[in-house]
Amino acid sequence: MLKPRLALGDDDRPAAMPDPQPDWLAEGYLLREFDGGTRVGAGKRLLGWGPSLLYSPSNRLFPDNGAVTPRRDVPGKPMAFASTDLSPRGRANLLLADPRLDEVAGLDSGGAFSLARAEWNWVEGRIATLGAVAAGGGGFRPYVGGYYQLGLGEAWTLGFEAATSRGYADTVAGAPALAQNEERWRWDGVFNLRYGAASGAETGLELIYNGYAQSDAERLDPALAALPSAGRGPSRNRPLHPFVQRRYALLQTTWPKLFGDRRWGLTARLLQGLDGASTSGFTELSYSPGDAATVYLGLSRSRSGKALEMSQPVTRSAYLALDAFF
C-alpha cells in the first residue's frame, strides 16, 4: 500500500514552528495475510482507534490533535506489526515502531515504542466495542489504557477512553522534572456523547480530562507551552502531552451533505478550556465539483487569557486545499 504526497509552497516560518508540508510518502507498507486471519506487515503506517473526537489518550504514538493546522496530513511511522483473531469477536494487535520523537531538553526520546492492543466487537442487539492497550518505550513511560463505545439506539452513541501511567515521558537523570513526568500515577481520558442523523450528519460533545497538565511556570515557557506535542515535521512529535490545561470541553459537528447536497460539506469544532480562559475554533467548508476532486476552505481562530498566552501561538489561520484523484 502506497500513499505518496506532493506539496507546493514555501514560507519563512520560525524554526521552532512545525512544518505543515506533508511527507512525500504519507504511508507505504507491505501486508501479508495468512490462513486463519493472521496478518503481518512492515513499513510506514498510520494507526488509530477508540471513540475520541479529537485526541486518543491510549494512542501516544500518534498524539497529533489537529489543533495547529486542522487539515494537517498526519503520516505514518516506521513499524513492524501483526494481528490475529482472539475469538469470533476479538482481535489482538502488536507493533514495534520508531516513534520519531523530536528532542526536548531534559527528556529521553530514544529507543523503540512497543504496543499491544486487544479489541472486541458486538453487533447483535446494541452495537458495542471494547478495547485494552498496553504500551511504552521510545521516550514514553509504560502505560495502560482502554476504551468503550456503546450504541444507544439508532442515533446516539456513548464513548469513553482513558490511559494511565507513572509519569508521561522519561526524564534524563539530573534534569529538572516536568510536572507531567513526576513519578506518581496520573491519567487522562475523554467522555463523549454523539448524535448521528439519517443524512450522515453527526454532532458530538466531549469532555476531556488531562492529569498531565503543565504547571503555572511551564505555561509561561514558550519552549514547552507553545505547540507542546508538535515536532518539526508532520511525521514527528515531542514527548509532551498535547494539552496544557487539566479540563476541556469540545463541541464538534460534521455535515457531509450540507444544504442536502452531497457536493457540499461542513466540519466545525469549538474547544473550550475549563480551567483558564482559552478558546479554539475551527470551521472547514468543502465542495466537490465532481467525483474526482474536492476543494476545502478552512478558518481557525484561538484566544486566551494572559496566563495561557504562550499556549496559543497561532491566533488565526486560513487555508485553501485541493484533493484530486486520478
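Mentor: Let's start with a term. Helices (H or I, at least four residues) and strands (E, at least two) are DSSP runs, numbered from the N terminus. Residues are numbered from 1 along each chain as its sequence is written, and side-chain values use heavy atoms, with hydrogens and water left out. This is a predicted model, in which local features need pLDDT of at least 70 and side-chain atom pairs count only at pLDDT 80 or more, while totals for chains, interfaces and linings use all residues.

Trainee: What makes Arg141 and Asp170 a salt bridge?

Mentor: A salt bridge needs a side-chain nitrogen of Lys or Arg within 4 Å of a carboxyl oxygen of Asp or Glu. The closest N and O atoms of Arg141 and Asp170 are 3.1 Å apart, so the pair qualifies. Arg141 sits in strand E9 (residues 140-152) and Asp170 in strand E11 (residues 170-171), so the bridge links distant parts of the chain, 29 residues apart. In total, the structure holds 12 salt bridges.

Trainee: Why is Arg141 called buried?

Mentor: Buried means under 20% relative accessible area, exposed means over 50%, and partly exposed is in between (1.4 Å probe, protein chains only). Arg141 has 10%, so it is buried. Asp170, at 26%, falls in between, so it counts as partly exposed.

Trainee: What does the pair of Asp291 and Arg263 tie together?

Mentor: The closest N and O atoms of this salt bridge are 3.2 Å apart. Asp291 lies in the loop between strands E16 (278-290) and E17 (293-304), and Arg263 in the loop between strands E14 (247-255) and E15 (264-273), so the pair ties together parts 28 residues apart in sequence. Asp291 is exposed, at 67%, while Arg263 is partly exposed, at 21%.

Trainee: Which element gives the most to the nonpolar patch?

Mentor: That is E17, with three residues.
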